[in-house]
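Hello! Here is the structure I promised to pass on to you.

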Amino acid sequence: MNINALTVTQVNTYIKAILDENVHLKNIYIVGEISNFLHYFRSGHMYFTLKDENSQLKAVMFSSNASRLKFKPNDGMKVLCRGRISVYDKDGNYQLYVDDMQPDGIGTLAIAFEQLKEKLSKEGLFDEVYKKPVPKFPRKIGVATSDMGAAVEDIKNITKRRYPIAELVIVPTVVQGDSAPDDICKSIKILDCRDDIDVIIVGRGGGSLEDLWAFNTEQVARAVFECNTPIISAVGHETDYTICDFVADLRAPTPSAAAELAVPDSSALISYLDDIKNRLSSLLYNKIDKEYQKLDNLLINTPLENMNDYINQKSDDLEVLQTRLFDGFSYLLEQKSNDLKNKISRLDALSPLKILLRGYTLTSIDGKTVGDVNDIKVGDAIDVTFTNGKSKCIVKEVTPNE
């Protein structure tokens with residue numbers, strides 16, 4: 001018996017060809033819930049199962065398509081997949097080869113936004129502890145935005161009006177499209193590397209979620225977080241919130257508001273300083289008035305009130321003191337003079353010259369007075385002093401008293 005047997009490969013290849021040629025299975029949309037999700041990060045391929053209440057279908061999304069997803073699929077998520085049905089001929093299982101996928105009922109960008117927000121929040125990138133204070137009086141303000149839009153003009157006009165001494169350093173930046181995230185990060189780095197930038201404004205004007213998406217990317221969020229210079233995020237309109245807003249040190253609802261937050265109002269500052277000046281002047285004048293009052297009280301309640309009388313009185317007192325001092329000194333001088341005269345008289349009375357006047361003489365040897373007969377001997381040359389002269393004598397005899 002002749003049997004035309006087919007190999008397993010032939011069967012699988014045949015079935016695969018039938019499915020691949022079916023136009024209804026080439027570009028098919030299938031909605032289902034994801035289960036058994038696996039994402040091989042080395043290859044980038046995603047493998048999962050789509051299921052509903054009664055059935056399930058294996059699916060694969062290769063890295064070339066998976067890399068374009070703006071959200072992260074996970075188990076339990078209901079999605080809408082577009083692709084083709086074919087057979088993997090090595091195991092004979094048919095499956096859905098997914099070209100595109102998006103959340104069913106929720107926008108892809110919206111779910112991607114929430115997923116990244118949750119991820120960065122868990123990492124602490126939104127925590128207040130990392131928020132840097134924005135300086136009150138910046139000298140130079142860096143601006144990373146498009147140099148062609150209304151946003152940069154609003155920032156220029158408001159800064160010039162509110163605080164004209166501040167200088168804007170504008171780095172033209174692509175803020176929309178595929179190249180925008182890289183360019184935003186580059187502009188932030190350029191401004192952060194400068195030593196003279198006090199604060200950076202990053203943002204753009206309004207637009208759709210797709211237009212603003214560059215500011216919802218992880219790379220921009222991390223560039224803002226790692227920036228050492230304080231950053232004000234100003235993306236879109238007041239109702240628009242981006243990931244950049246949560247990471248930045250300060251969020252402004254619009255670019256115009258960012259300029260207002262970045263610089264003080266010079267007119268308000270001048271008014272404030274004028275008020276302080278007036279208050280200080282008032283305090284100073286009040287102080288001066290009080291001191292004048294104290295001086296008036298002193299003039300009224302002290303001799304200073306009649307200064308001439310006071311001076312004349314003190315002058316009279318001084319003259320009296322001078323007279324008393326002069327009289328006292330004269331009296332003391334007279335006493336001391338009389339005392340000196342008495343002492344001189346007494347001293348004069350004891351003078352040897354007085355004795356000589358009475359007929360006595362003074363005997364000396366070699367200038368030394370001889371007061372005892374035993375101090376001389378026969379043959380000594382002695383000097384005898386009279387009141388009116390001297391005589392040299394030789395001792396012939398010495399006779400002591402018995």
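**What turned up**

Setting aside residues up to four places away in sequence, Pro 73 touches Ile 34, Phe 37, Met 46 and Met 101, where contact means heavy atoms within 4.5 Å. Pro 73 sits in the loop between helix 2 (63–66) and strand 4 (78–88); helices (H or I, at least four residues) and strands (E, at least two) are DSSP runs, numbered from the N terminus. Pro 73 is buried, with a relative accessible area of 2%. Here buried means under 20% relative accessible area, exposed over 50%, and partly exposed in between (1.4 Å probe, protein chains only). The C-alpha atoms of Pro 73 and Ala 112 are separated by 9.5 Å, with the two residues 39 apart along the chain.

Before going on, a word on where this comes from. This is a predicted model, in which local features need pLDDT of at least 70 and side-chain atom pairs count only at pLDDT 80 or more, while totals for chains, interfaces and linings use all residues. Residues are numbered from 1 along each chain as its sequence is written, and side-chain values use heavy atoms, with hydrogens and water left out.

Now the whole chain. The secondary structure comes to 11 helices and 14 strands. The radius of gyration (taken over C-alpha atoms) is 60 Å, well over the 21 Å that the globule rule gives for 402 residues, so the protein chain is more spread out than a compact globule. That rule is 2.2 Å times the number of residues to the power 0.38. Along its principal axes, the C-alpha trace spans about 205 × 70 × 40 Å. Of the 402 residues, 33% count as buried.

Which residues have the most contacts inside the largest nonpolar core? They are Phe 48, Leu 96 and Met 101, in a core of 57 residues. A nonpolar core is a set of buried Ala, Val, Leu, Ile, Met, Phe, Trp, Tyr and Cys residues joined through side-chain atoms within 4.5 Å. Helix 3 (residues 108–123) gives the most to this core, with 6 residues. A second, separate core of 16 residues includes Tyr 163, Ala 234, Ala 259 and Ala 262.

Two of those names come back in helix 8 (residues 255–262), whose buried residues are Pro 255, Ala 257, Ala 258, Ala 259 and Ala 262. These buried residues pack against strand 6 (140–145), helix 4 (150–162), strand 8 (199–204) and strand 9 (231–235). Pro 255 is also among the contacts of Gly 236, as are Arg 204 and Leu 212. Gly 236 lies in the loop between strand 9 and helix 7 (243–247), and Gly 236 is buried, with a relative accessible area of 1%.

Next, a helix pair. Helix 5 (residues 180–192) and helix 6 (residues 218–226) pack at an angle of about 10°, with their axes 9 Å apart. They are therefore roughly parallel to each other, a label for angles under 35 degrees. The contact includes Ile 184 and Ile 188 of helix 5 and Val 220 and Ala 223 of helix 6.

Finally, have a look at Asn 36 in strand 1 (residues 28–39). Its phi is near 55°, a positive value in a residue other than glycine. Asn 36 is exposed, with a relative accessible area of 55%.

Happy exploring!

Note on methods. Axes are lines fitted to C-alpha atoms, for helices over the stretch in contact, and angles run from 0 to 180 degrees between N-to-C directions. Angles under 35 degrees count as roughly parallel, over 145 as roughly antiparallel, 65 to 115 as roughly perpendicular and the rest as oblique.
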